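I opened the model to look up a few items and kept notes as I went. The entries follow in the order in which I checked them.

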Amino acid sequence: MPLRVTFLGTAGAIPTTERNPSGIFVSREGEELLFDAGEGTQRQMMRFGTGFSVSHLFVTHLHGDHVLGIPGLLQTMDFNEREEPLAIHTPRGTRRKLESLVNALDNDPAFPVRINEVGDGDVAYRADEYEVRAFGTDHDARSVGYALVEDDRKGRFDRERAEELGVPVGPKFSKLHEGTPVELEDGTVVEPEQVVGDPRPGRTIVYTGDTRPTVATIEVADDPDLLIHDATFAEDRADRATKTAHSTAKQAAEIANRAGASRLALMHLSSRYAGYTDDHLAEAREVFDGEVFVPEDGQKLEIPYPDADADPDE
């Protein structure tokens, strides 16, 4: 089941010629989610081929570089005769401002737009096999981060063991894998735990938006496969990071270590660094043993299952 992240915008507050303001597009088995929508997000969606079939938009906070793309995106959806509803999740206390943004210039989308306020610990969206959790962040505005957390998957079915126990090939295999005991012709009952392994973890993506380092980022999910963390500054501007409620690359790496993350994406780099990211990478790699990178706009990343190496079919 594919889970793909497309980095639509990776700049800090001021865009550059190479980087758009914040926007993260996530596609999971045909469902499309958008996290933040800075100015020009709809053009980035066209440029990088994501399409506009977004069902949920998750806003971390209402600074312009994270939301100014919303009015244009909604108007384009309207021009395309969209009928499907759109849910927009936003930090508690920001509904009125977001409503004003949705209806900017007297825009009134013909499709339903539902605004949902969320706070630390809330489940912003629950789907069949995953949920998107909000968690508290520390910025100079009402803000939250989001974690997409998949449910555990069924354990692996041991066909060889099932046959040894006398289970005939066919529907009883499926019943056992679904957790239902089966009775054999001789009256023997085979329990699921005899032929099904332990549940296997799903995948997790954590996106902080703009924030100082927080414990909530560490606690929102166990061992995330990908942590997308604010890294606006390198250590040469650590004081500035604290003052403006942002993080340095080193601080992001420390959070990634404590969270048990597999990969760390350093986001929201200040325009003062232009295209130079070596210091960010070097400082993060000093403290984080996993994979660390500074994503480029348009970069796509497939998220494998944690145990994919043990199962070539996943």
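**Entry 1: terms and source.** I count a polar contact as a pair of N or O atoms within 3.5 Å; within protein, one must be able to donate a hydrogen and the other to accept it, and residues adjacent in sequence count only if both atoms are side-chain atoms. This is a predicted model, in which local features need pLDDT of at least 70 and side-chain atom pairs count only at pLDDT 80 or more, while totals for chains, interfaces and linings use all residues. Residues are numbered from 1 along each chain as its sequence is written, and side-chain values use heavy atoms, with hydrogens and water left out.

**Entry 2: annotated site.** I looked up which residues the UniProt annotation "binding site" covers. The unreviewed entry lists Asp 65, His 66, Asp 210 and His 268. They are spread over 204 residues of sequence but cluster in space, the largest C-alpha distance being 10.5 Å. I note that UniProt positions are given in the numbering used here, that feature names are shortened, and that annotations may be inferred rather than shown by experiment.

**Entry 3: His 66.** I found His 66 in helix H2, residues 64–67. Helices (H or I, at least four residues) and strands (E, at least two) are DSSP runs, numbered from the N terminus. Is His 66 buried or exposed? His 66 counts as buried because its relative accessibility is 0%, where buried means under 20% relative accessible area, exposed over 50%, and partly exposed in between (1.4 Å probe, protein chains only). I then listed contacts (heavy atoms within 4.5 Å). The side chains of His 66 and Asp 36 are joined by a polar contact of 2.8 Å.

**Entry 4: His 268.** I placed His 268 in the loop between strand E14 (263–267) and helix H10 (278–285). His 268 has 2% relative accessibility and therefore counts as buried. Leaving aside neighbours within four places in sequence, I read contacts of His 268 with, among them, Asp 65, His 66, Asp 210, Asp 230 and His 246. A polar contact of 3.2 Å joins the side chains of His 268 and Asp 210.

**Entry 5: salt bridges.** I use the term for a side-chain nitrogen of Lys or Arg within 4 Å of a carboxyl oxygen of Asp or Glu. How many salt bridges does the structure hold? The count is 17. I looked at Glu 302 and Arg 4, whose side chains meet in a salt bridge at 2.7 Å, N to O. This pair links distant parts of the chain, with Glu 302 in strand E16 (residues 300–302) and Arg 4 in strand E1 (residues 3–9), 298 residues apart. Glu 302 is partly exposed at 39% relative accessible area, and Arg 4 is partly exposed at 32%.

**Entry 6: Asp 307.** I found Asp 307 in two salt bridges. With Arg 156, the closest N and O atoms are 3.3 Å apart. Arg 156 is in the loop between strand E9 (144–150) and helix H5 (159–164), and Asp 307 is in the segment after E16, 151 residues apart. Arg 156 is partly exposed, at 34% relative accessible area, whereas Asp 307 counts as buried at 15%. With Arg 200, the closest N and O atoms of the Asp 307 salt bridge are 4.0 Å apart. Arg 200 lies in the loop between strand E11 (189–190) and strand E12 (204–207), 107 residues from Asp 307. Both Asp 307 and Arg 200 are buried. I also noted a network of salt bridges linking Arg 28, Glu 129, Glu 150 and Arg 203.

**Entry 7: positive phi.** I noted Leu 105, a residue other than glycine, with a positive phi near 60°. Leu 105 is in the loop between helix H4 (95–102) and strand E6 (113–118) and is exposed, with a relative accessible area of 82%.
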